[in-house]
Amino acid sequence: MRVMSSLRWKIALTITAVWCAVAAALGVLVHNVVARQIVGEVRKDVDRELDHALGHYQYGTAHGDVNLSLDPPDLPGPLRKLVARGLTGSMVGERDGTPVMWAAAPADDKALAVWIPYESTRHRLRDIDTAILVSSAIAAGVVALAGVFLAHRISRRLTTTAAVARRISAGDLDARVGFPAEEDGPHGRDDDGSRRPPRYHDEVRDVARALDSMAGSLQKRIEAEKRFTADVAHELRTPLTGSLAAAALLPQGRPKEMINDRLKALHLLTEDLLEISRLDSGVEHADLARVELGRAVQRAVAATRLEASVRVIRDTVVLTDRRRLDRILANLLVNADKHGEPPVEVTVEGPVVIVRDHGPGYPPELIEQGPQRFRTGDPGRGRGHGLGLTIAAGQAAVLEIALSFANAPDGGAVTTLRLPVGRLTYGDVR
């Protein structure tokens, strides 16, 4: 059922159905025209026989080659009534169980009737109908194959375009459909070298070109944003380091504490921006080692010195980068502590780690689109730069960890980390 609902089959079935309707209409039309012609020829023959018989009847002679009779009992009723009104007519009927073409005319208040065999005419009409049906069936098969071929070409190009769109959505901004801009054959240019306009309008090609253009524009904007982020972070790092050193020389007091706090916050923001720029550039590589997941999570939570409970339901050993895993967990816990409400719970069940708080939960935009830098969404989650979750998502991508965000039914943000099952192993642990 799913296959038959695809676009290619819909197009093929539509083309076939339209052809069958046209073939049926043409078949009925041809049948009527041919049948009228053949039956008309038979009527002419029987009318000629009737004129012949009337001539012999008037002169009182007989004609042995004509089948005639006065008031025959097999004469059809409508024809008998027609003759009673003084008219002449003909129609198809039967005589002794055999189909014949009757013709009758009034003669001395009686019906003078003649008949000729009609069985062969019926066979001719039946053969013509069979020929029409067979030719229509063959033509329908050819049209169906042509429709499948045409629909396959359209569907294949649309499928390719959709696949490239999914790759772009997944982050592969280098993906392109790459359909030719013009399909003009070997003579696509004029004598002066200018391109000729396409010989026909291709909507699928237009969609593909629009998608490629959109991907190119999006890639340029994102790369410009990445360069700007990296440049700003690098430019700020040196003066911030000097400012921190200079602030250390200030006399003790409240002004020094305020300056140091602001400078440290700005320094952390700069380091986060640098880390994001490295993650965006794709140069980060994981230093994999076998790690006992439950113990690693307990150590990472303890290192943050935040109020959070750890529950290990089922421990396992995974192949991962412990430093990056610690960074992910630390950012999630800091986010829960800053924007959520206690208690903060961390659960380990096999290769799955769940971090949950009991605050207002994640905003719908973050759940649907994922974390984005400098966007915190719902004010209920507090103020911030949105870099912590962005870094966690970037580090998770390096480790090939599936990171998902949701809200608990009874309230609170829930973040789930699923380490790749294919990397599970056992042995010496770190």
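This is a predicted model: local features need pLDDT of at least 70, side-chain atom pairs count only at pLDDT 80 or more; totals for chains, interfaces and linings use all residues.
**Exercise 1. Proline 106**

Leaving aside its neighbours within four places in sequence, with which residues is proline 106 in contact?

*Solution.* 
Step 1. Proline 106 belongs to strand β3, which covers residues 98-107.
Step 2. Once neighbours within four places in sequence are set aside, the contacts of proline 106 are Leu54, Val83, Gly86, Leu87 and Thr88.

**Exercise 2. The chain as a whole**

State how many helices and strands the chain has, and what percentage of its residues count as buried.

*Solution.* 
Step 1. There are nine helices and 11 strands in the chain.
Step 2. The chain has 430 residues, of which 34% count as buried.
Step 3. For contacts between residues at least 6 apart in sequence, 61% join residues at least 24 apart.

**Exercise 3. The packing of α7 against α9**

Describe how helix α7 packs with helix α9, giving angle, distance and handedness.

*Solution.* 
Step 1. Two packed helices are described by the angle between their axes and the distance between those axes.
Step 2. Helix α7 spans residues 322-339 and helix α9 spans residues 387-398; their angle is about 155° and their axes are 9 Å apart.
Step 3. Angles over 145 degrees count as roughly antiparallel, so α7 is roughly antiparallel to α9.
Step 4. The crossing of these two helices, α7 and α9, is left-handed.
Step 5. From α7, the contact is made by Arg324, Arg327, Ile328, Asn331, Leu332 and Asn335. From α9, the residues include Gly388, Leu389, Ile391 and Ala392.
Step 6. Sorted by class, the contact of α7 with α9 holds seven nonpolar, four polar and two charged residues.

**Exercise 4. The packing of α6 against α7**

Repeat the analysis for α6 and α7: what are the angle and the distance between their axes?

*Solution.* 
Step 1. The angle between α6 and α7 is about 50°, and the axes are 9 Å apart.
Step 2. This angle makes α6 oblique to α7.
Step 3. The handedness of the α6 and α7 crossing is right-handed.
Step 4. On the α6 side, Leu293, Ala296, Val297, Arg299, Ala300, Val301 and Thr304 make the contact. On the α7 side, the residues are Arg322, Leu325, Asp326, Leu329, Ala330 and Leu333.
Step 5. In the contact of α6 with α7, nine residues are nonpolar, one is polar and three are charged.

**Exercise 5. The nonpolar cores**

Which residues have the most contacts inside the largest nonpolar core, and which element supplies its largest share?

*Solution.* 
Step 1. In soluble globular proteins, nonpolar side chains tend to be buried together.
Step 2. The largest nonpolar core here has 28 residues, and those with the most contacts inside it are Leu293, Val297, Ile328, Val353, Ile401 and Leu417.
Step 3. At least two residues of this core come from each of α6, α7, β8, β9, α9, β10 and β11.
Step 4. Helix α7 provides the largest share of this core, with six residues.
Step 5. Take isoleucine 328: beyond its neighbours within four places in sequence, this residue contacts Ala392, Gln395, Ala396, Leu399, Ile401 and Leu417.
Step 6. Another core lies apart, with 17 residues, among them Ile38, Ala53, Tyr118 and Leu125.

**Exercise 6. Backbone exceptions**

Which peptide bond is described as cis, and where do arginine 305 and glutamate 400 lie?

*Solution.* 
Step 1. Most residues other than glycine have a negative phi, and most peptide bonds are trans.
Step 2. The bond from proline 342 to proline 343 is cis, with omega near 0°. Proline 343 is in the loop between α7 and β8.
Step 3. Arginine 305 is not a glycine, yet its phi is positive, about 60°. Arginine 305 lies in the loop between α6 and β6 and is exposed, with a relative accessible area of 79%.
Step 4. Glutamate 400 also has a positive phi, near 60°, and is placed in the loop between α9 and β10.

How values were computed. Residues are numbered from 1 along each chain as its sequence is written. Side-chain values use heavy atoms; hydrogens and water are left out. Axes are lines fitted to C-alpha atoms, for helices over the stretch in contact, and angles run from 0 to 180 degrees between N-to-C directions. Helices (H or I, at least four residues) and strands (E, at least two) are DSSP runs, numbered from the N terminus. Angles under 35 degrees count as roughly parallel, over 145 as roughly antiparallel, 65 to 115 as roughly perpendicular and the rest as oblique. A crossing is left-handed if the near helix is turned anticlockwise from the far one by less than a right angle, and right-handed if clockwise. Contact means heavy atoms within 4.5 Å. Ala, Val, Leu, Ile, Met, Phe, Trp, Tyr, Cys and Pro count as nonpolar, Asp, Glu, Lys and Arg as charged, and the others, Gly among them, as polar. A nonpolar core is a set of buried Ala, Val, Leu, Ile, Met, Phe, Trp, Tyr and Cys residues joined through side-chain atoms within 4.5 Å. Buried means under 20% relative accessible area, exposed over 50%, partly exposed in between (1.4 Å probe, protein chains only).
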